[in-house]
Amino acid sequence: MPRSDSAEGSGNSEEQVSGARVIAQALKTQNVEYMFGVVGIPVTEIALAAQELGIRYIGMRNEQAACYAASAVGYLTGRPGVCLVVSGPGLIHALGGMANANMNCWPLIVIGGSSERNQETMGAFQEFPQVEACRLYSKFSARPTSIEHIPIVIEKAVRSSIYGRPGACYIDIPADFVTLQGNVDSIWYKECCLPPPVSMAETPAVCTAASVIRNAKQPLLIIGKGAAYSHAEGSIRKLVEQCNLPFLPTPMGKGVVPDNHPNCVGAARSRALQFADVIVLFGARLNWILHFGLPPRYQADVKFIQIDICAEELGNNVRPSVTLLGDINAVSKQLLEQFDKTPWQFPTDSKWWKTLREKMKSNEAVSKELASKTTLPMNYYTVFYHVQEQLPRDCFIVSEGANTMDIGRTVLQNYLPRHRLDAGTFGTMGVGLGFAIAAAVVAKDRSPGKRVICVEGDSAFGFSGMEVETICSIPPMCLLPNSHYEQVMTAFGGKGYFVKTPEELQNSLRQALEDTSKPYLINIMIEPQSTRKAQDFHWLTRSNM
Ligand code: ADP
């Protein structure tokens, strides 16, 4: 196996390297840029080693939110983010994020510390069958067999996360690997994996698809988040405009072609789905979001042309007329070639365009009417109308909640691809703040000044609400030492105390115990450097930190 240039080996066979450093170097070699997590025994050293090598580490309040953030990085950049968690409960908290990433087909690497190998089956601290637990939530789940094996597993996990249908991958790191030293010359860092190969559809199938589109009376393009992920915005927009086809974005497909494009029929969604006779699916599954492709939401004889990178997806729930297996951007270009060869346009004066335009007009009028209501408290439409007025055109919109997300989607406009993040395929609530943090760190590096707007329902916000502390923390690795947690209690009607002295502690405790009418939160300031008394045996304090 060729040794990568980035190998640490200097030819000095005495030089040692820790497992933590090997993990960080292997991730860096695979061009991983971002890591989110909640550190503790045994993974703190991994986060520090990653930071030393220039990987951005963001410490979060909960592993689930950290995992949401890492997965959003994967969707936004096409390179997996890493979620770093501790053993047992830490890993279990991350499973929700892994499942969400896998369901969304987003690349993600979860690295979980696990109990020491020589304590396995003995009831070790936070012992749990982690590799097995992650199998249901990932496309690849493995534990390296030695620290020399770590770079090979990391390369495979990164590659698996982005090749084919993207998804989540899990790497299990036993605690003893983190501090174990290996000889630098014995570690081979596998070179960065090649970018995912681009697959194209068979030419005869592309010709058939073009012919089915040309013969359609009521055609419709549906643009899903697979199209956004594959960066197909240029080719799909060209296809829309060149052929004058109506298109409908799915929630996260919004912005691949701007929402205010004249061919966007989002405002006539139900009508478009119900009466289309030919539907081209650009990276959108016929799952619950698209009502399974079945009547009564669709015509029984509607012809589906399915474009997807995943062969197993083709034919789910309906029997498609044409299947185009390949990368959406590449296949869209193949379709364009057909319409370049023999130009064709769907007529603007067709009955179908007329029907759609009329429906859009009447639906827009109803929304406008609701938005103009001046009654208080405001209704959703009024709120979103005012939010939309002020939204920067290039901002990321993160949205979750029931009505908040559903109504917000119809009013808040996306003009750019991969700029809307929401509850997604899994309908997961609590994703918002993690996604917003990911969008903010990616924007900071790639498009400074771009804003992230989180539009959340109360309930959805509550799931990961404490991540506001992550958002406010500088540097992101630390928690804020003087956070006024007591104000959280007062926000909901309880009482809070901020306590610095033994007298204040005595008084507030007395008050809290006497008053049975409400809950109390006593926020006590502790010397940041204070720790346990010296221990005779290093048990849970094995970490070098
Ligand atoms: P939406 O929720 O927007 O309807 P889905 O998540 O249901 O979208 O569908 C996305 C689809 O896109 C998945 O079936 C996935 O396999 C596919 N996909 C992801 N990346 C690509 C790509 N580069 N080329 C083709 N299809 C892709």
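Predicted model: local features only at pLDDT ≥ 70, side-chain atom pairs only at ≥ 80, totals over all residues.

Tutor: Residues are numbered from 1 along each chain as its sequence is written, and side-chain values use heavy atoms, with hydrogens and water left out.

Student: At what angle do the axes of helix H1 and helix H6 cross?

Tutor: Two packed helices are described by the angle between their axes and the distance between the axes. Helices (H or I, at least four residues) and strands (E, at least two) are DSSP runs, numbered from the N terminus. An axis is a line fitted to C-alpha atoms, for helices over the stretch in contact, and angles run from 0 to 180 degrees between N-to-C directions. Here the axes of H1 (residues 19-29) and H6 (residues 150-162) cross at roughly 35° and come within 9 Å. On the H1 side the contact (heavy atoms within 4.5 Å) is made by Gly19, Val22, Ile23, Ala26 and Leu27, and on the H6 side by Ile150, Pro151 and Ile154.

Student: Which residues touch the most other members of the largest nonpolar core?

Tutor: A nonpolar core is a set of buried Ala, Val, Leu, Ile, Met, Phe, Trp, Tyr and Cys residues joined through side-chain atoms within 4.5 Å. Buried means under 20% relative accessible area, exposed over 50%, and partly exposed in between (1.4 Å probe, protein chains only). The largest core has 139 residues, of which Phe36, Ile236, Phe282 and Leu324 touch the most other members. Helix H3 (residues 63-77) gives the largest share of this core, ten residues. Another core, of eight residues, lies apart from it and includes Cys395 and Leu412.

Student: Which residues of helix H2 are buried?

Tutor: In H2 (residues 44-52), the buried residues are Thr44, Glu45, Ile46, Ala47, Ala49 and Ala50. Among the elements they pack against are H1, strand S2 (34-37) and helix H7 (175-179). Just after H2, Gly54 has a positive phi of about 95°.

Student: Where is Asn317 found?

Tutor: Asn317 belongs to the loop between strand S12 (303-308) and strand S13 (322-325). Its relative accessible area is 47%, so Asn317 is partly exposed. Asn317 and Leu286 are 31 residues apart in sequence, yet 6.9 Å apart in space, C-alpha to C-alpha. A polar atom of the Asn317 side chain lies 2.6 Å from the backbone oxygen of Leu286.

Notes:
Polar contact = N/O pair within 3.5 Å; in protein donor to acceptor, adjacent residues only side chain to side chain.
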